[in-house]
Amino acid sequence: MKKLFLLVTIMMVSTCVFAQHAPGSLTLQPRIGFSAADFNNTYDTKARVGLVVGPEFEYTLSDRFSIAAGLNYSQQGTELKDYDVTAKFDYLTIPVVANVYLFKGFALKAGIQPGINLSAKAEINGKESDINEDYMNSFEFAIPVGLSYEFRNFVIDARYIFGVTKIFNEDKINKDGFEFDLGSKNLGFQLTLGYKFTLI
């Protein structure tokens, strides 16, 4: 009786410790949420709140580890605190992250995220115009880190995104007698809700 009780206890603990899906399974997770993005080296700006949406595939390697890759549309940029000026940057990003499950449904994650700039606009006093593409880096590389929790196939995911490459091609630009620092990198936070469909 004691051995049976011990066996049941071990099985219950094991179930609580490991990942939600069986090793070898492949899931598809549509995700949608918001991003709060800013530049990394400024003090007179505030985050631009925008949309992040896209699918993510996750392959479970073992009870504790999985690899996920996604394709996201992400709105980024920044806003000047004391002026009616907003930089609006839209990216197509490809996050590839490793998940480490500490207990059932709860994972820590880190990885890499290449991205392509789809558009770059500046809104000044309500009027929007394109930013000269010669100033913009079309490619971005970033590092996402975060955590997620899965319950009944619903997944809440929170990530910080640290830009590695510069947003602009030049460090500084002079315009109308003013010098602007263009050595910034993207920095952001993303919070999404997803639902996992088992494919395999």
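Residues are described here as buried when their relative accessible area is under 20%, as exposed when it is over 50% and as partly exposed in between, with a 1.4 Å probe and protein chains only. By this criterion S62, at 25% relative accessibility, counts as partly exposed. The structure is a predicted model, in which local features need pLDDT of at least 70 and side-chain atom pairs count only at pLDDT 80 or more, whereas totals for chains, interfaces and linings use all residues. Residues are numbered from 1 along each chain as its sequence is written, and side-chain values use heavy atoms, with hydrogens and water left out.

The chain has one helix and 15 strands, where helices (H or I, at least four residues) and strands (E, at least two) are DSSP runs numbered from the N terminus. Of its 200 residues, 36% count as buried. The accessible surface, computed by the Shrake-Rupley method with a 1.4 Å probe, comes to about 11,500 Å², and 66% of this area belongs to carbon and sulfur atoms. When contacts (heavy atoms within 4.5 Å) with a separation of 6 or more are considered, residues 24 or more positions apart account for 63% of them.

Confidence was examined through pLDDT, the predictor's confidence in each residue on a scale from 0 to 100. The mean for the chain is 87, and 84% of the residues reach 70 or more. Over residues 4-17, however, the pLDDT is below 50, and this stretch has eight contacts in the model beyond near neighbours in sequence. Residues 175-179 likewise stay under 50, with five contacts beyond four places in sequence. Where pLDDT is low, the predicted coordinates should not be read in detail.

The structure holds nine aromatic pairs, in which rings of Phe, Tyr and Trp (its six-membered ring) have centres within 6.5 Å, with planes under 30 degrees apart counted as stacked, over 60 as edge-to-face and the rest as tilted. The rings of F39 and F168 have their centres 6.3 Å apart and their planes at 85 degrees, so this pair is edge-to-face. Because F39 lies in strand β1 (residues 26-39) and F168 in the loop between β11 (154-163) and β12 (172-175), the pair ties together parts that are 129 residues apart in sequence. Both F39 and F168 are buried. The pair of F154 and Y195 is also edge-to-face, with ring centres 4.8 Å apart and planes at 70 degrees; F154 lies in strand β11 and Y195 in strand β14 (residues 186-195), so parts 41 residues apart in sequence are tied together. F154 is partly exposed at 47% relative accessibility, and Y195 is partly exposed at 28%. Ring pairs also link F34, Y160, F162 and F189 into a cluster.

F39 and F168 belong, together with A87, F89, Y91, A120, M136 and I167, to the largest nonpolar core, which has eight residues. Such a core is a set of buried Ala, Val, Leu, Ile, Met, Phe, Trp, Tyr and Cys residues joined through side-chain atoms within 4.5 Å. Beyond four places in sequence, M136 touches F89, N117, A120, I131, I167, F168 and N169.

Strand β1 also holds T27, which counts as buried at 1% relative accessibility. Not counting residues up to four places away in sequence, T27 touches H21, E56, F57, E58, K196, F197, T198 and L199. The partly exposed S62 is found in the loop between β3 (48-60) and β4 (65-70), and its C-alpha atom is separated by 9.8 Å from that of Y101, 39 residues apart along the chain.
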